[in-house]
Amino acid sequence: MDLPDSSDLSRRDYLRALVAAGGTAALSACLDSSGESTVPTGDPNARPQRQHAWTDVLATDEDGNPLNPEHHVLLSLELATDVDDDSREQVETALRSLESAYAYDNQGLLFTMGYTPSYFDALGVDSPIPEPEALTTIESPEFDDFDALVHLASDTPDVVLEAEEALFGDVSPNNTEMEATFEGVFDRGSPRRTGFVGAGLPAQHTDMSGVPESVPEDAPFFMGFRSGFAESQAPESRVTIEEGPYAGGTTTHVESLTLQLRTWFEQDNHFQRVAKLFSPDHAENEQVGSVGENLSTSTGVAGEITEDTATDAREFGTVGHAQKAARARDEDGTPPLLRRDFNTVDGDRPGVHFLAHQRQIEDFVRARQAMAGEDLAGDGVGQRLNNGILQYIFVRRRGNFLVPPREKRALPTARV
Ligand code: HEM
């Protein structure tokens, strides 16, 4: 991939574009541009057993909501050797080397390693998670059928790039030694996906044909609003597997979407956008503010607003995405998904890699079907039209992953 031209871009967007480009040339350019690295090194023994236990070490916004790191790489891997004690040790040593290289926080490196049903099939053991499948009648996605996925995340762009290169090449991450790499055990698979999240980053893409000038300057997500309020996220314990050989682990679903932002910003007004993303109540009562700044740690959809979803469809002819999705909460009001989604411009078009952790893939399916609102279609709203944000999002890919507890993260073989 060609490197981006630094003279055309702000420094922040140039670094973001280098992460998207990937490879050693992008890494050198990123290190040159970032100056002397100040990321502290880390201690593998201090990392928790749950690979997904990031929340305590994430930065928070002014209201106390955890902030997903700014830069992300989803690295697809194909198994290239037999799974045995040697290959398992090689993978574990490579991962521990990364943990020694970087602090366990948002400036350092946060990562998870997960495995697809194809991986377990190749080993001849029953997969602990189902094959991905289309979850609604309005999609025909491709599926992630490579073997493993490493999700790398950091606020420091060179950290995600360098960690990726270190897993495969001759790179000393943060000036520490890689005692092993993935070389010979895994080949790079396809697709390589990247992304970003943070106030101001989406608006830096208005040079792209699919991104209108009207994306708000300070929005952290392409659709113009804050997301990931603490109250609407599952606690890490709710997404942790409780029993069996993978107790302490979790699952990941990655849904890659493209966005139709022109219609969203140019045909709809702010009132309609708030009604479709949150609820008609939020729009009428002007609860949200321009990018969600009036909501502190909760959208307030749980309870009455969620219960009114079908009535809103009939009476207002519009339902909100958040109010629909909250119908999938547990009986005691706990959200079942821990969403760690981020924006992308992979393929030169705006999109979202919607990455969520949940105890079992069935929890994701339940939430996704609540969001699809197929039960509401025909009763005041269409299959897509005025049915939350469905008119503006297009599902391209889906993947399911088992993310074992840390002690079993290297080439797991347990039967379930
Ligand atoms: C472009 C795509 C998407 C955008 C822009 C988006 C945006 C939002 C926003 C703004 C909220 C309300 C704020 C918050 O609670 O964080 C929300 C809530 C939520 N979204 Fe999405 N979302 C998208 C895709 C999805 C997908 C694919 C799912 C899959 C199931 C999903 C599930 C949820 C859930 C479960 C909630 C919380 C509902 C509750 O309060 O219990 N979203 N989303």
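## The largest cavity

Which element supplies the largest share of the lining of the largest cavity? That share, 4 residues, comes from H12, where helices (H or I, at least four residues) and strands (E, at least two) are DSSP runs numbered from the N terminus. The structure is a predicted model, in which local features need pLDDT of at least 70 and side-chain atom pairs count only at pLDDT 80 or more, whereas totals for chains, interfaces and linings use all residues. Residues are numbered from 1 along each chain as its sequence is written, and side-chain values use heavy atoms, with hydrogens and water left out.

A cavity is defined here, on a 1 Å grid over the protein atoms alone, as a set of points where a 1.4 Å probe fits but cannot get out, and its lining residues have an atom within 4 Å of a point. Grid points are joined across faces, edges and corners, and the volume is the space filled by probe spheres set on the points. At least two lining residues are supplied by each of strand S7 (250–259), helix H11 (321–325), strand S10 (351–358) and helix H12 (361–372). By class, this lining has 24 nonpolar, 6 polar and 6 charged residues, with Ala, Val, Leu, Ile, Met, Phe, Trp, Tyr, Cys and Pro counted as nonpolar, Asp, Glu, Lys and Arg as charged, and the others, Gly among them, as polar.

## The second largest cavity

The second largest cavity has a volume of about 60 Å³. Arg47, Pro48, Arg50, Gln51, Glu99, Tyr104, Phe111, Arg406 and Arg409 line this cavity, and these residues divide into 3 nonpolar, 1 polar and 5 charged.

## Around the ligand

The ligand is surrounded by 28 residues, the closest being Ser227, Gly228, Ser232, His321 and Arg329, where a residue counts as near if one of its heavy atoms lies within 4 Å. For Ser232, a polar side-chain atom lies 2.5 Å from an oxygen atom of the ligand, while a side-chain N or O atom of His321 is 2.9 Å from a ligand nitrogen atom. From Phe229 it is a backbone N or O atom that lies 3.4 Å from an oxygen atom of the ligand.

## An aromatic cluster

Rings of Phe, Tyr and Trp (its six-membered ring) pair if their centres lie within 6.5 Å, and planes under 30 degrees apart count as stacked, over 60 as edge-to-face and the rest as tilted. The count comes to 10 aromatic pairs. One of these joins Tyr119 and Phe120 edge-to-face, at 5.1 Å centre to centre and with 85 degrees between the planes. Phe120 also pairs edge-to-face with Tyr246, at 6.4 Å and 70 degrees. Because Phe120 lies in helix H4 (residues 117–123) and Tyr246 in the loop between strand S6 (193–196) and S7, this pair ties together parts that are 126 residues apart in sequence.

Tyr115, Tyr119, Phe120 and Tyr246 form one aromatic cluster. Tyr119 is buried, with a relative accessible area of 0%, and Phe120 is likewise buried at 0%; buried means under 20%, exposed over 50% and partly exposed in between (1.4 Å probe, protein chains only). Tyr246 is buried as well.

## A contact at Glu70

Glu70 lies in the loop between helix H2 (24–34) and strand S1 (71–79), and counts as buried at 18% relative accessibility. The side chain of Glu70 makes a polar contact with that of Arg12 at 3.3 Å; such a contact is a pair of N or O atoms within 3.5 Å, and within protein one must be able to donate a hydrogen and the other to accept it, while residues adjacent in sequence count only if both atoms are side-chain atoms.

How values were computed
1 Å grid on protein atoms, 1.4 Å probe; cavity = no way out; pocket = protein on both sides within 12 Å on 5 of 7 lines; lining within 4 Å.
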